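The sequence and the model are shown first.

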Amino acid sequence: MLSRRNLLAAAAVAALATGPAAAQQPVEIQFWHAMAGALNDWVDELAKGYNDSQKKYKIVAVNKGNYTEVMTGAIAAYRAGRAPHIIQVFEVGTATMMAAKGAVKPVYEVMEQAGIGWDPKVYLPAVAGYYTTTDGRMLSMPLNSSSPIFYYNKDAFKKAGLPDVAPKTWSEVRDAAKKLQASGVPCGISTAWPSWVLIENFGAMHNLPMATKENGFGGLDTVFQFNSPAHVTHMERIAEMQKTKEFDYGGRRGDSQVKFTNAECGMYIASSAGLSSILKTAKFDVGFGMMPYWPDLTKGPNGGPQNSILGGATLWVLGGKTPDEYKGVAEFFAHISKPDVQAASHQRTGYLPITLAAYELTQKQGFYEKNPGFEIANKQMTLNPPTPNSKGIRFGNLVQIRDMIEEEMEGVFAGKKAAKAALDSAVQRGNALLRQFERDNK
């Protein structure tokens, strides 16, 4: 049994152990994300880089599943009072996060209240604009942004007698498809994420509205317009190409990638974020270019393309935390926005550089001369100053709307539905989902 003297001594030792030492423990910042595999390693290194740069805060990065699982898990955690500080949300969840008033603390508030001299103008306008209010306030922090780009099989092009350059227009794509097929390639072109590429980015590249109210940026009472004559003509032409396999539908999301990497299709449109994966799996030299456009349908400058819009995700800050915790969040955001940190992320992952300085640093380092595909998305998104039709889209229930649009397009590609009837139906069904979101978030 311990004597009274020994008990007092033990208590004194315990007090010393838990007092000053506890005060030195860093403030933990919980960061939930959806990056898996090599991208999970990238996020871990971002967190480690920040943690090693200072001692006051500690970013704890945790993979919580895919994008949908992260968002729904965070909402449930918030309701239970156990929300993380930062969550990674894909671009289609932007309207949902904006509508979650009280649960979200806008990034501009986090950064301004931290007083760290933050300048929102350092971010690429085409990236920041997607997550910024109409009066210029940034709501979430860009992390991994991408845009669809054009890929082509350089070996197949050479065999078909085509020049080693990406076609610029859809008419040139169609001509190239015919020559590729004549040389033995089964299909001309396919695309990943059909709604993102053939509806959302088609509208942006041609400076055509997908919906009223600046594609949803101006209010929840937005109404779809992607059944315009130009949209219908575009879909009719793609459907015509489908009949001869000049275009070949390969499924939703990235299901069609294998059609390109196994050389079944000579051309492909997919996310710039898939660049590293395509380079690793394709058994041929890969060329790159911007997305094609129809000169007779575009409303872009001088009859050319306007600019593309992005995909990927940003970091949202949840409410209910202490000022000190928000200071740690702000300093982490400032860290990952540094030119050297962001340039390294861009060069490692294929995602866009989120700041102008990171882009310029990558240029100065000569990275694009050795890796030309990595610059295409950035050039395409900054091709012209974004317009209300090309700065992005912001619709509630967008996950369901995308599925519905692709369901209608599948009817067209299968020859079961006319392009106009399919787009009319998609607009009608999509507007019903918009109204439901509007009612739920008034």
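## Disulfide

Across the whole structure, a search finds 1 disulfide. The model is a predicted one. The disulfide joins Cys 187 to Cys 265, with an S to S distance of 1.9 Å. The link of Cys 187 and Cys 265 is right-handed, with 105 degrees about the S-S bond.

Cys 187 belongs to strand β6 (residues 187–191) and Cys 265 to strand β7 (residues 265–271), so the bond ties together parts that are 78 residues apart in sequence. Cys 187 is buried, its relative accessible area being 1%. Cys 265 is likewise buried, with a value of 0%.

## Aromatic pairs

The count of aromatic pairs comes to 22. In one of them, the ring centres of Tyr 130 and Tyr 131 are 5.0 Å apart and the planes stand at 50 degrees, so this pair is tilted. Both Tyr 130 and Tyr 131 are buried.

The rings of Tyr 151 and Phe 288 have centres 5.7 Å apart and planes at 65 degrees; the pair is therefore edge-to-face. This pair links distant parts of the chain, since Tyr 151 lies in strand β5 (residues 148–153) and Phe 288 in strand β8 (residues 286–289), 137 residues apart. Tyr 151 and Phe 288 are both buried. Ring pairs also join Tyr 151 and Phe 288 with Phe 260, Tyr 268 and Phe 284 in a cluster.

## Charges over rings

Lys 64 lies over the face of Trp 32, at 4.5 Å from the ring centre. Arg 394 is placed over the face of Phe 217, at 4.0 Å from the centre of that ring.

Technical notes:
Residues are numbered from 1 along each chain as its sequence is written. This is a predicted model: local features need pLDDT of at least 70, side-chain atom pairs count only at pLDDT 80 or more; totals for chains, interfaces and linings use all residues. Side-chain values use heavy atoms; hydrogens and water are left out. Rings of Phe, Tyr and Trp (its six-membered ring) pair if their centres lie within 6.5 Å; planes under 30 degrees apart count as stacked, over 60 as edge-to-face and the rest as tilted. Buried means under 20% relative accessible area, exposed over 50%, partly exposed in between (1.4 Å probe, protein chains only). Helices (H or I, at least four residues) and strands (E, at least two) are DSSP runs, numbered from the N terminus. A charge sits over a ring if NZ of Lys or CZ of Arg is within 6 Å of the ring centre and within 35 degrees of the ring normal. A disulfide is a pair of cysteine sulfur atoms within 2.5 Å.
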